[in-house]
Amino acid sequence: ISIYFIRLLLLKRSPSRLPAQIRDNSVIDRRRLKSAKMSPVGKLIFFSLAMIVLPVGGFFTSKSIVFEGILGYSDGSVGAAITAVVLIHCVIAAYVYAAWKEGETPTKQD
């Protein structure tokens, strides 16, 4: 059970009845917090699948529903391709952001 789940359960009680380790935010076990995060390989697999599924799904969905259905174009392939390219760039930007946030180390505050 993660520390956050325990905190949610115990926060329904009054703060004076909470254990000191949960009441005091400076005594959080860093190893448990790190293990709760996704591993780099898991993150790579997740974003690789997103790189395949989102643009392909976005292409066909936007082509059939938005461009040919709502807007009434006879061939909505160009607009759907632009949608797919935008989705690919969004996935890449999310991966770069996730990798950048992973490299940050928490600073110790006094």
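These legends describe views of a predicted model. Local features need pLDDT of at least 70, side-chain atom pairs count only at pLDDT 80 or more, and totals for chains, interfaces and linings use all residues. Residues are numbered from 1 along each chain as its sequence is written, and side-chain values use heavy atoms, with hydrogens and water left out.

**View 1. The chain holds five helices and zero strands.** Its pattern along the sequence is α-α-α-α-α. Helices (H or I, at least four residues) and strands (E, at least two) are DSSP runs, numbered from the N terminus. Of the 110 residues, 18% are buried (under 20% relative accessible area, 1.4 Å probe, protein chains only). The accessible surface is about 8900 Å² (Shrake-Rupley method, 1.4 Å probe). Carbon and sulfur atoms contribute 66% of that surface.

**View 2. Helix α4 (residues 40-70) crosses helix α5 (residues 77-103).** Their axes come within 8 Å and cross at roughly 160°. Axes are lines fitted to C-alpha atoms over the stretch in contact, and angles run from 0 to 180 degrees between N-to-C directions. The angle makes α4 roughly antiparallel to α5 (over 145 degrees).

**View 3. Ser-77 lies in helix α5.** Ser-77 has 24% relative accessibility, so this residue counts as partly exposed (between 20% and 50%). Leaving aside neighbours within four places in sequence, Ser-77 is in contact with Phe-59 and Lys-63 (heavy atoms within 4.5 Å). Phe-67 is ten residues from Ser-77 in sequence. In space, Ser-77 and Phe-67 are 8.2 Å apart, C-alpha to C-alpha.

How values were computed:
Parallel < 35°, antiparallel > 145°, perpendicular 65-115°, else oblique.
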